[in-house]
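Q: Please take a close look at one part of this structure, the loops and the annotated positions, and describe the surroundings of the residues concerned.

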Amino acid sequence: MMTNADPFRRLFVQGAGSWGTALALLGLQTGAEVVLWTRREDHAAAMRGDRENQRYLPGVSLPPALTITADRGAIAGCDAVLSVVPAQFAGGELAALREASGAAALPVALCSKGIEAETRRLMPEVLKAAWPEAAPAMLSGPSFAADVAKGLPTAVTLADADRDRGERWLATLGTLTFRPYWSADLTGVAIGGAVKNVLAVACGVVEGQGLGESARAALMARGFAEAARFAVALGAKVETLRGLSGLGDMILTCVSPQSRNYSLGVALGQGETAADILSKRHTVAEGAKTAPVLTALAREHGVEMPVAEAVAALVAGDIEVDDVVDSLLSRPLRPESPLLRDKT
Ligand SMILES: NC(=O)C1=CN([C@@H]2O[C@H](COP(=O)(O)OP(=O)(O)OC[C@H]3O[C@@H](n4cnc5c(N)ncnc54)[C@H](OP(=O)(O)O)[C@@H]3O)[C@@H](O)[C@H]2O)C=CC1
Ligand SMILES: O=C(CO)COP(=O)(O)O
């Protein structure tokens, strides 16, 4: 046991992609009753029949204790929600779930990593607009669903402005191998998760272009600097960006072929177009939709984000991959530290 707080007893997991499924299994491990919800009845029926999510998390068995449904009404009696729907669809799905719950004041942990393109909202703002009665938390950090489902050691950040409720989340999800650490900085956690996907695409491009590991490390460091500038401009704490949900997740996804965002970047670097790559996939690469809205928000706040700008232009097909590399390499030589830069 990680904490003496009372865990939530009946969890509603919204979204049965790979991450929602892995988190549902975690909830069962800590003794909660868990409802895993998918929007498609045929997907629910297949998972119930196979006791496996063959589409998104193959090879992992789903115990009989896991309730699998496409009925939002199954939220009745649940005392907490994990929302694990891709960022662009989260607002609509959260609003529909609010209605099914009778606008209940439930704790909702947001587990998606992105920024809503239409409204430029971070995930906690998406929740506030869709379900104002809900109590928001953010769960994010370096954690591949397949690793977590195998019980491999993982550490993440769980942000909740209310420490006691945060402790309840830790008790609900923490196991010997899955270690959530509490933070109060929801904005910082939401930004770290969203921005690292964009940086992972950029690092994949470096790999796809064969530019070498030194170049990739340089890009990660410069990418981290722009993520931190952006986070501070939006009121987040820079320490949060240095933690598991920022730097930790960047380190994972900016080097691993297991990352869908990194592998999108590799294919872009090899000359394929984003439209072609994404049309062949059924899984999500959040960085593609986050890059343009991230750069728009950054410009609004007067923050320079050249790496994110390059990814946005490449994904939109506005620029060739060789030109992206040239534009990043031809940036002016100036002091590395922003503090020194201000004085020169
Ligand atoms: N996978 C991972 O290792 C991790 C993922 N995350 C984050 O979790 C979130 C969910 O990703 P993940 O579980 O990987 O997803 P997957 O790529 O495994 O699956 C895609 C999911 O998106 C759903 N989806 C697609 N289109 C829509 C739509 N129009 N409306 C509602 N849902 C839709 C799919 O449902 P359907 O089958 O019905 O189309 C499916 O549940 C993302 O924000 C991701 O960044 C965070 C940490 C780890
Ligand atoms: O967020 C993740 C791991 O922390 C998953 O990364 P991808 O979405 O790039 O696969």
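**Loops and annotated positions**

A: Arg 120 is partly exposed because 13 other C-beta atoms lie within 10 Å; on this scale 20 or more such atoms make a residue buried, 12 or fewer make a residue exposed, and partly exposed is in between, with C-beta atoms placed from the backbone. This is a predicted model, in which local features need pLDDT of at least 70, side-chain atom pairs count only at pLDDT 80 or more, and totals for chains, interfaces and linings use all residues. Residues are numbered from 1 along each chain as its sequence is written, while chains are lettered from A and ligands numbered from 1 in the order in which they are written.

Arg 120 sits in the loop between strands E8 (115–116) and E9 (121–122); helices (H or I, at least four residues) and strands (E, at least two) are DSSP runs numbered from the N terminus. Its phi is near 60°, positive although Arg 120 is not glycine. Ala 103, also not a glycine, has a positive phi of about 55° and lies in the loop between helix H3 (87–101) and strand E7 (107–110). Ala 103 counts as exposed because it has 12 C-beta neighbours inside 10 Å.

An unreviewed UniProt entry annotates a "binding site" whose residues include Tyr 56 and Arg 260; such annotations may be inferred rather than shown by experiment. Tyr 56, in the loop between strands E3 (52–53) and E4 (57–61), is buried, with 21 C-beta neighbours inside 10 Å. Beyond four places in sequence, Tyr 56 touches Ala 16, Gly 17, Ser 18 and Thr 21, contact being C-beta atoms, placed from the backbone, within 7 Å.

Notes. Two residues are in contact if their C-beta atoms, placed from the backbone, lie within 7 Å.
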